[in-house]
Amino acid sequence: ARRASMGYQLRKCAIRHKMFCAFFAGLLGILIGAWFWVQRIDEEWRSATQRSANTTELRDATLALDAAKGYYAAKNYDKAVGYYRDALAGFERLGRFEARNTGEAKLGLGLALSEGPGATLGDLKEAEALVTEAAALFQKGGAEWQDPYQRAILLAERLRQQMASGVDGVRRDPATPDEQDGTNDSDKDERAEGAPVERKE
């Protein structure tokens, strides 16, 4: 005789043990439902925790930005730079939802770096890069962000001209001890050419 298939045997077993199968199916359904419920609770908890962390991050970054603006207005550029950096780090962690504030922090940091009394050529280069990035962020905001976009564009152009022309008041980063002394190889050569030659008796 031909052996019965597995499906037939399972159906036959289910018919014989209806109560047990119904209980097992119900228990399985409860377990699956409980698993989905736990997963949803966990997801909601994680989402609430993230929202709370984002709220704290936004608050701290906003406070840092306000402090930076205050120090910049008081011409305390070193303090302003520090707070602008803190604000920028916070807004960048929050991502694209804080594009306006990120742009404001980049623009302010660029201003503080470039206007400090001890600004170096390296500071100007960093400031120009930051202001250019700020302009790109403001440009995405369309007409609503047109004013800060124009400010960033004009400042970036001024910084490029300032770096190209070597405006007085900008301290260049010394690369060698000779440059720190205000001398270079060409100066040394000129002095050597004009120096008297010692005669040998």
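Let me start with contacts in this predicted model. Take the contacts in the protein chain between residues at least 6 apart in sequence: 61% of them join residues at least 24 apart. The chain has eight helices and zero strands, so along the sequence the pattern reads α-α-α-α-α-α-α-α. Of the 201 residues, 25% are buried. The chain exposes about 14,700 Å², and carbon and sulfur atoms supply 56% of that area.

Now the helix packing. Two packed helices are described by the angle between their axes and by the distance between those axes.

Helix 3 covers residues 77–94, and its axis is 9 Å from that of helix 4, at an angle of about 155 degrees. Angles over 145 degrees count as roughly antiparallel, so helix 3 and helix 4 are roughly antiparallel to each other. The crossing is left-handed. On the helix 3 side the contact is made by Tyr77, Ala80, Val81, Tyr84, Arg85, Leu88, Phe91 and Glu92. Helix 4 brings residues including Thr102, Ala105, Lys106, Leu109, Ala112 and Leu113. By class, the residues of this contact divide into 10 nonpolar, three polar and five charged.

Next, helix 4 and helix 5. Helix 5 is residues 121–139, and the two axes come within 8 Å and cross at roughly 155 degrees. Helix 4 and helix 5 are therefore roughly antiparallel, and their crossing is left-handed. From helix 4, the residues that meet helix 5 include Ala99, Gly103, Lys106, Leu107, Gly110 and Ser114. Their partners in helix 5 include Asp123, Ala127, Leu130, Val131, Ala134 and Phe138. The residues of this contact divide into 11 nonpolar, four polar and six charged.

The last pair is helix 5 and helix 6. Helix 6 is residues 146–165; its axis and that of helix 5 come within 8 Å and cross at roughly 155 degrees. That makes helix 5 roughly antiparallel to helix 6. Here too I note the handedness: the crossing of helix 5 and helix 6 is left-handed.

Is Leu107 buried or exposed? Leu107 has a relative accessible area of 2%, so it is buried. Leu107 lies in helix 4, which runs over residues 99–115. Leaving aside neighbours within four places in sequence, Leu107 is in contact with Val131, Ala134, Phe138, Pro148, Arg151, Ala152 and Leu155. The C-alpha atoms of Leu107 and Glu128 are separated by 9.3 Å, at 21 residues apart along the chain.

Lys106 is also found in helix 4. This lysine is buried, with a relative accessible area of 8%. Which residues does Lys106 touch, not counting those up to four places away in sequence? They are Leu88, Glu92, Leu130, Glu133, Ala134 and Leu137. From Lys106 to Ala87, 19 residues apart in sequence, the C-alpha to C-alpha distance is 9.2 Å.

Two residues remain, both from earlier in the sequence. Glu57 has its place in helix 2. With a relative accessible area of 22%, Glu57 is partly exposed. Not counting residues up to four places away in sequence, Glu57 touches Gly90, Arg93 and Leu94. Glu57 and Ala89 are 32 residues apart in sequence, and their C-alpha atoms are 9.8 Å apart in space.

Finally, the backbone at Lys75. Where does Lys75 lie? Lys75 is in the loop between helix 2, residues 18–73, and helix 3. Its phi is near 65 degrees, a positive value in a residue other than glycine. Lys75 is exposed, with a relative accessible area of 60%.

How values were computed
Residues are numbered from 1 along each chain as its sequence is written. This is a predicted model: local features need pLDDT of at least 70, side-chain atom pairs count only at pLDDT 80 or more; totals for chains, interfaces and linings use all residues. Side-chain values use heavy atoms; hydrogens and water are left out. Helices (H or I, at least four residues) and strands (E, at least two) are DSSP runs, numbered from the N terminus. Buried means under 20% relative accessible area, exposed over 50%, partly exposed in between (1.4 Å probe, protein chains only). Contact means heavy atoms within 4.5 Å. Accessible areas come from the Shrake-Rupley method with a 1.4 Å probe; for residues, only the protein chains shown count as cover. Axes are lines fitted to C-alpha atoms, for helices over the stretch in contact, and angles run from 0 to 180 degrees between N-to-C directions. Angles under 35 degrees count as roughly parallel, over 145 as roughly antiparallel, 65 to 115 as roughly perpendicular and the rest as oblique. A crossing is left-handed if the near helix is turned anticlockwise from the far one by less than a right angle, and right-handed if clockwise. Ala, Val, Leu, Ile, Met, Phe, Trp, Tyr, Cys and Pro count as nonpolar, Asp, Glu, Lys and Arg as charged, and the others, Gly among them, as polar.
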